[in-house]
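Below are some notes for a colleague who has not seen this structure before. They are meant to be read with the model open.

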Amino acid sequence: MTTTGPTGTPDASRLVAWDRELRAVHARLRDALRVARDAVDDAVDDAAPSRELLLFCTGFCAALDGHHRGEDRVVFPGLLAVAPQLRDVVDQLVRDHAMLSHLLGELQRAVDAREGPAALHRHLDGIEAVMETHFRYEEKRLLPVLSGLALDATPRDAFGPLADEA
């Protein structure tokens with residue numbers, strides 16, 4: 001999987017961008033989580049969530065899930081093609097994605113049920129704990145390989161809706 005420039009040679013700017021893009025998307029997801037938390041904090045104590053809160057929590061869920069689907073579909077196969085020794089790492093990251101998907105589903109159910117701020121914060125706390133551990137592990141183990149990886153994909157295909165357009 002390579003990306004080529006106008007001369008048909010590998011596009012060096014893409015070769016070194018995947019590691020930076022992963023870090024940037026992780027930072028944007030952390031920001032989206034903070035926005036969702038702020039929306040919960042702005043809700044009246046134990047009152048039904050506002051439409052703004054519903055929007056921010058739903059948006060955060062969609063962004064994190066989209067990020068993980070892109071990694072599963074595009075990034076991980078590309079990594080394993082050049083670094084099959086990362087199979088155990090990728091398998092752990094996929095398990096993390098499944099856990100986070102479950103937690104996001106629980107948050108979405110709580111938002112849809114218009115649970116109060118205390119309950120929503122408990123859901124966000126759990127997501128944040130798993131997400132942070134996952135991001136740190138992923139960056140530690142994958143950034144060195146991503147820095148030289150060539151993928152025939154756009155950043156949004158690889159890392160979801162919060163990635164930069166290519």
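## Notes on the fold

1. This is a predicted model. Among contacts in the protein chain between residues at least 6 apart in sequence, 80% join residues at least 24 apart. Buried residues account for 46% of the 166 residues in the protein chain.

2. On secondary structure, the protein chain has six helices and zero strands. Along the sequence this reads as α-α-α-α-α-α. The points below centre on helix H3, which covers residues 51-82.

3. Start with H3 and H4. The two helices pack at an angle of about 165°, and their axes are 10 Å apart. Angles over 145 degrees count as roughly antiparallel, so H3 is roughly antiparallel to H4. Their crossing is left-handed.

4. Which residues make up the contact of H3 with H4? From H3, the residues include Leu54, Cys57, Phe60, Cys61, Leu64, Asp65, Asp72, Phe76 and Leu80. On the H4 side, among them are Arg87, Val90, Leu93, Val94, His97, Leu100, Leu104, Leu107 and Val111. By class, this contact divides into 14 nonpolar, five polar and four charged residues.

5. Next, H3 and H5. Helix H5 spans residues 117-146, and its axis lies 13 Å from that of H3, at an angle of about 25°. Angles under 35 degrees count as roughly parallel, so H3 is roughly parallel to H5. The crossing of H3 and H5 is left-handed.

6. In the contact of H3 with H5, the H3 residues include Leu53, Phe60, Leu64, His67, Val75, Phe76, Leu79 and Val82. They meet H5 residues, among them Leu120, Ile127, Met131, His134, Phe135, Leu142, Val145 and Leu146. This contact has 14 nonpolar, three polar and two charged residues. Phe60, Leu64 and Phe76 are listed in the contact with H5 and also in the contact with H4.

7. A disulfide needs the two sulfur atoms within 2.5 Å. From the side of Cys61, the nearest cysteine sulfur is that of Cys57, and Cys61 is in no disulfide. The structure as a whole holds zero disulfides. Cys57 counts as buried at 0% relative accessibility, and Cys61 counts as buried at 7%.

8. Gly78 is placed in H3 and is buried, with a relative accessible area of 4%. Gly78 and Leu146 are 68 residues apart in sequence, while their C-alpha atoms are 9.5 Å apart. The other pair is Asp31 and Phe60, which lie 29 residues apart along the chain with 9.4 Å between their C-alpha atoms. Asp31 belongs to helix H2, residues 17-42, and at 38% relative accessibility it counts as partly exposed.

9. Arg114 is not a glycine, yet it has a positive phi of about 55°. Arg114 sits in the loop between helix H4 (87-112) and H5. Is Arg114 buried or partly exposed? Arg114 counts as partly exposed, at 42% relative accessibility.

Definitions and conventions. Residues numbered from 1 in each chain as written. Predicted model: local features only at pLDDT ≥ 70, side-chain atom pairs only at ≥ 80, totals over all residues. Heavy atoms only, no water. Axes fitted to C-alpha atoms, helices over the stretch in contact; angles between N-to-C directions. Helix = DSSP H or I, 4+ residues; strand = E, 2+ residues; numbered from the N terminus. Parallel < 35°, antiparallel > 145°, perpendicular 65-115°, else oblique. Left-handed = near helix turned anticlockwise from the far one by under 90°. Contact = heavy atoms within 4.5 Å. Nonpolar A, V, L, I, M, F, W, Y, C, P; charged D, E, K, R; others polar. Buried < 20%, exposed > 50% of the residue type's maximum accessible area, 1.4 Å probe, protein only.
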